[in-house]
Amino acid sequence: MSSTGTASGESRIDQLRESIETDFTTTTWVLIPLGIGINAIGGFIASTLKLPLFLDNIGTMLLGILAGPWAAALTGGLANIVQAMLGNPVQLAFMPVPVAIGLVTGFLARSGWFDNVKKVVVPAIVLTLVATIIATPIVVLVFGGVTSSGTSLVTATLVASGRSLVESAATAQILVELVDKGGSAFVAFFIAKSVPSRYLPPQGQDIFS
């Protein structure tokens, strides 16, 4: 590798290290358990009420908006581990979903897509597509189209109507994710907007101050 290529590679690594370090302020470390708790409560409500929703990524999105992509990815991954330890081991298989949700939310927030409520429409659509693309193969290949979530009821209904398993799982996933992730993006935005400015990490201050 040439000296120019080596310098360019080192520059990218330095930029990545700086991006990660920017996320993890003292305030962020305080917010991460709060985000995990919000995810756990949302997941518990959806599971207890047998809702065809998940409600378990609001805390991850909140961290993505306020702190950044890396803190949000860590929050999402840890939240799934906690929920698995609390009796829902299925969450471990879906860990790539909240990690991706956290990264995408954080980078979208950093690019200005959570500056006002009208712009949140774009993250709502993008996060729906991200969750569908990652979750559908896991549902079909790992669980044969049936999980413990309410989404399976929608999948079963579509299969009974004569659709293939893959088509049914993908259709059910995008319908549910559109409501779940789209709605969660707006809920996370309004929670983030309500946080007093003195408690906001640097990214949150850039967006809302």
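Q: How many positive and negative side chains does the protein chain have, and how far apart do the centres of the two sets lie?
A: The protein chain has 10 positive and 11 negative side chains, where Lys and Arg count as positive, Asp and Glu as negative, and His and the chain ends are not counted. The centres of the two sets lie 8 Å apart, each charge being placed at NZ of Lys, CZ of Arg, CG of Asp or CD of Glu.

Q: What is the basis of these values?
A: The model is predicted: local features need pLDDT of at least 70 and side-chain atom pairs count only at pLDDT 80 or more, while totals for chains, interfaces and linings use all residues. Residues are numbered from 1 along each chain as its sequence is written, and side-chain values use heavy atoms, with hydrogens and water left out.

Q: What makes up the secondary structure of the protein chain?
A: The protein chain has 10 helices and 0 strands; helices (H or I, at least four residues) and strands (E, at least two) are DSSP runs, numbered from the N terminus.

Q: Why does the radius of gyration of the protein chain agree with that of a compact globule?
A: The rule is 2.2 Å times the number of residues to the power 0.38, with the radius taken over C-alpha atoms. For 209 residues a compact globule would have a radius near 17 Å, and the protein chain has 18 Å, which agrees. The C-alpha trace spans about 55 × 50 × 35 Å along its principal axes.

Q: Why is helix H3 described as largely enclosed by the rest of the structure?
A: A residue is buried under 20% relative accessible area, exposed over 50% and partly exposed in between (1.4 Å probe, protein chains only). In H3 (residues 58–66), 9 of the 9 residues are buried, so the helix is largely enclosed. Its cover includes helices H2, H4, H6, H7, H9 and H10.

Q: Why is Asn39 called buried, and which residues does Asn39 touch?
A: Asn39, which lies in helix H2, has 1% relative accessibility and therefore counts as buried. Beyond four places in sequence, Asn39 touches residues including Leu55, Ile58, Thr75 and Gln83, contact meaning heavy atoms within 4.5 Å.

Q: Why is Asn80 called buried?
A: Asn80 has a relative accessible area of 2%, so this residue is buried. Asn80 belongs to helix H4 (residues 69–85) and, leaving aside neighbours within four places in sequence, is in contact with Gln91, Leu92, Phe94, Met95 and Pro98.

Q: What makes the phi of Leu55 worth noting?
A: Most residues other than glycine have a negative phi. Leu55, in the loop between H2 and H3, has a positive phi near 55°.

Q: How do you know that Phe189 and Phe190 form an aromatic pair, and which kind of pair is this?
A: Rings of Phe, Tyr and Trp (its six-membered ring) pair if their centres lie within 6.5 Å; planes under 30 degrees apart count as stacked, over 60 as edge-to-face and the rest as tilted. By this rule there are 5 aromatic pairs. For Phe189 and Phe190 the values are 5.3 Å centre to centre and 70° between the planes, hence an edge-to-face pair.
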